[in-house]
Amino acid sequence: MSKLSDPRTMLETISRYDFDFHKKFGQNFLIDEGVIRRSLEAAQVGKDDVIFEIGPGVGTLTQFLADAAHQVVSIEIDKKLIPILEDTLRDYDNVAVINEDVLKVDLVSLAQQYHAGRVNTGNTDSGSISGANASREPASAPAALAPLRIVANLPYYITTPILMNLFRQRVPAQSITVMVQKEVADRMCAQPGSKDYGSLSVAVQYYSAPQIVELVPPSSFIPHPKVTSAVVTMELYEEPPVKAQDEELFDHIIRAAFGQRRKTLTNALSSSPQVPCSKEQIADALEQLGFSPSIRGEKLSVADFVSLSDHLGT
Ligand code: SAM
């Protein structure tokens, strides 16, 4: 059977099952083999890896992941896609499909269940499964920790909650490689002072080093989305290079700082119920860090926000 990235195979599969696309689930299925191959390369998917895929759709990306990795675990919310996935993935013995809302899945426990996580060496020599597993094996759990990666063509309506959930749960993955709306990719990678810089930029760059791999036109999907997309890969830090003492407060500060972009940082933070500090305390902390009390959040780097959070938390 030819792969689902072939538009004819995709359309034939969809019509055979009389599948109706659900806009509410952000269903735009990839039909571009080049984009898929380059995404797997950017994600550095290896033969020893366990991959968590969010939203497999009819299984297009899943088929390529299953060819390249040791085990794929795909989480799909739409129960109508499950019988289709059983069919399109029937030749693969290393794919598990979970019919769930990814926002409700405990991904840390799931990683433990599959003996997958962060492997520190930067290569797969130690801590990963043995060389014998370099060829495809039945999807039994390996004895030692396998590198975990997250690869997905995300449902765009919940991109930010999914990413924040992965970060906050501290899912022990090496990397996250995702297709997102281009504007969101720009925000993820934006630097201080630019118009795209905001709370998502600070959060993503606190936990990872993001990089746009490529832009993807609407014609690479069925149906065509209204927007241009982008593949972004994020190498996750084992520990943030600048770590906030109180990450909950840090989180509240960045949300408040960008919640009302036109306000000064002092006014934005002091009017947030989640930041328990007076205007004077905030202005004082900013001055101690060498900033004017009238500065806006968009000028502060990730490290500046961490320093501010640590000052206000003590
Ligand atoms: N991976 C497929 C592809 O590339 O062709 C489909 C990608 S499509 C953009 C997003 C997928 O995520 C759909 O299959 C949709 O049903 C699924 N989805 C939407 N919300 C979800 C959720 N909360 N949890 C899990 N899957 C979800």
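What follows is a short exchange on how the labels for this predicted model are reached.

Me: Where does S5 lie, and which residues is S5 in contact with beyond its neighbours within four places in sequence?
Reply: S5 sits in the segment before α1 (7–16). With those neighbours left aside, S5 is in contact with L30, I31, D32, E33, I36, T60 and F64. The cut-off for contact is heavy atoms within 4.5 Å.

Me: What makes R38 buried, exposed or partly exposed?
Reply: R38 has a relative accessible area of 41%. Buried needs under 20%, exposed needs over 50%, and partly exposed is in between. So R38 is partly exposed. R38 belongs to helix α2 (residues 33–42).

Me: How far apart are R38 and A256 in sequence and in space?
Reply: They are 218 residues apart in sequence. In space, C-alpha to C-alpha, R38 and A256 are 37 Å apart.

Me: What makes helix α3 mostly covered?
Reply: Helix α3 spans residues 60–68, and eight of its nine residues are buried. Those buried are T60, L61, T62, Q63, F64, L65, A66 and A68. Each is therefore under 20% relative accessible area.

Me: What about the backbone of P56 and G57?
Reply: A backbone N or O atom of P56 is 3.4 Å from a ligand nitrogen atom. For G57, a backbone N or O atom is 3.2 Å from a ligand oxygen atom. Both values are within 3.5 Å, so both pairs count. The protein covers 99% of the 590 Å² of accessible area that the ligand has on its own.

Me: Which residues around the ligand come nearest, and how does the shell divide?
Reply: Of the 24 residues around the ligand, G55, E76, D101, N153 and Y157 come nearest. The shell divides into twelve nonpolar, seven polar and five charged residues. β1 (29–30) and β3 (71–76) each supply at least two of the shell residues.

Me: How is the chain divided into domains?
Reply: Domain 1 is 7–236 and domain 2 is 247–313. Their centres, taken over C-alpha atoms, are separated by 34 Å. The contact takes 15 residues from domain 1 and 15 residues from domain 2.

Key:
Residues are numbered from 1 along each chain as its sequence is written. This is a predicted model: local features need pLDDT of at least 70, side-chain atom pairs count only at pLDDT 80 or more; totals for chains, interfaces and linings use all residues. Side-chain values use heavy atoms; hydrogens and water are left out. Buried means under 20% relative accessible area, exposed over 50%, partly exposed in between (1.4 Å probe, protein chains only). A residue is near a molecule or strand if one of its heavy atoms lies within 4 Å of it. A polar contact is a pair of N or O atoms within 3.5 Å; within protein, one must be able to donate a hydrogen and the other to accept it, and residues adjacent in sequence count only if both atoms are side-chain atoms. Accessible areas come from the Shrake-Rupley method with a 1.4 Å probe; for residues, only the protein chains shown count as cover. Ala, Val, Leu, Ile, Met, Phe, Trp, Tyr, Cys and Pro count as nonpolar, Asp, Glu, Lys and Arg as charged, and the others, Gly among them, as polar. Domain bounds come from an automatic or database domain assignment.
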